[in-house]
Amino acid sequence: MKFKHGTRRRALEYEKDWVQRWKADDTFNKSVENRPADKGYVFYDGPPFITGVPHHGTLLSSIVKDTVPRYWTMKGKRVERVWGWDCHGLPAENFVEKQLSITDRRQIVARDGDSAPLDKDGNELPTISLEKYITKARESMVANSESWEGVIDRIGRWVDFKGAYRTMDKDFMESVWWAFKELYEKGKIYEGEKVLMYDTKFATPVSKNEVTMDNDAYQTVTDPSVFVKFTLNNSEFSVLAWTTTPWTLPANLMLAVSPELTYCEVLVDDEKLIIAEDALERVLKDEKNKPLDYTVVRKFLGSELVGESYEPLATGSTWPQNDAIHKIYAADFVSHESGSGIVHVAPAYGEDDFELAKSHGVGAFHVIDDNGYYTDTDYKGLEVWENNKFIAKDLKEKGIVWKIDYI
């Protein structure tokens, strides 16, 4: 049998018919009520943010999640499926602050009448009390529920919307506190530090998975990468380390090398530098990318550098008291494929940095506050992202940075 064009029903039409048939027949509720209560199967579903609208990612995961309760329902289990809304976290706050035209977290004050923060030109910013902010946030948490319900129906997912929970409900929050208390009393909770993606505008860590959900999460930018001279205490040569984050240099506590790589002492004009052998031709170029003349004085393995100490960078930082800092360590993340084969380590601002430091008894050393402003360095009061290139150029003028490249 051949089908003629235009004679088959459109998917949109029979899709709606099936949704209406299920609703008229109360099919979903019957699939729950017809199973005994003592044969329950509990399905926990991480709720979506109520501030967002359904998109490909949420719908795909929703369809996959629907197969599990359907399977166990067919196996005779009673599977109650309650919808939920995530009303907390950065997406909710961002949603509210856009409505309130909040551009700086300092605009949220404890109570009406508290002093207003100043913008970069010295003008007072408008403020909102924490009480009004919270009230607005609660009101905003019902914004997109109707659009979600219609779409979830359309993809054929069976779920109870009428009894949906919200993470801002007191019962829900108190249940979380209870669970946390139980874990704490069983000794399962500990306090520690971890390097995470961080948003200085909102002063909060950010989930990698959530960042990649946004269309504008990745942008092409130009940043300075710098080659930095670290003066060894027991040698007339300086170690040439490389970093793509000049803003972290005031937090430098260690250097990392590969023990198996071959390194060279080289003379470049009046400079005495130590660089990985395989990086010489790539690194020893001027800022117009022309090769520099150099002489190799000596070759040796990186293991010879391990344990050597060096002078702290002159960046105005108040260094912690620890005999393990400002030394060179072996690390498996160092290679000759990029940079100089020697890596600058700032434990507070990199995952590899933090783990290497922790393994040698060195903790995170912070030089910026929660909003990205330098604290006790030569750059005190400057915002880190606005001044990244300035810091690179400033350290070049001071003779600390040997060369700046842009990537």
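I looked up the hairpin of β10 and β11 first: 2 residues lie between the strands, and Asp 269 takes a positive phi near 55° in this hairpin. Strands here are DSSP runs of E with at least two residues, helices are runs of H or I with at least four residues, and both are numbered from the N terminus.

The model is predicted, so I noted that local features need pLDDT of at least 70, that side-chain atom pairs count only at pLDDT 80 or more, and that totals for chains, interfaces and linings use all residues. Residues are numbered from 1 along each chain as its sequence is written, and side-chain values use heavy atoms, with hydrogens and water left out.

Next I checked the pairing, which requires that DSSP finds at least two bridges between two strands. β10 (residues 262-268) runs antiparallel to β11 over 6 bridges. Glu 265 stands opposite Ile 274 in β11. Strand β8 (residues 238-243) pairs with β11 (residues 271-276) in the parallel sense over 2 bridges. Here Val 239 has Ile 274 as its bridge partner in β11.

Then I turned to the whole chain. I found 11 helices and 15 strands. The radius of gyration is 29 Å, well over the 22 Å that the globule rule gives for 407 residues, so the chain is more spread out than a compact globule. The radius is taken over C-alpha atoms, and the rule is 2.2 Å times the number of residues to the power 0.38. Along the principal axes the C-alpha trace spans about 85 × 70 × 55 Å.

Last, I looked at burial: 36% of the 407 residues count as buried, meaning under 20% relative accessible area with a 1.4 Å probe, protein chains only.

How values were computed
Buried means under 20% relative accessible area, exposed over 50%, partly exposed in between (1.4 Å probe, protein chains only).
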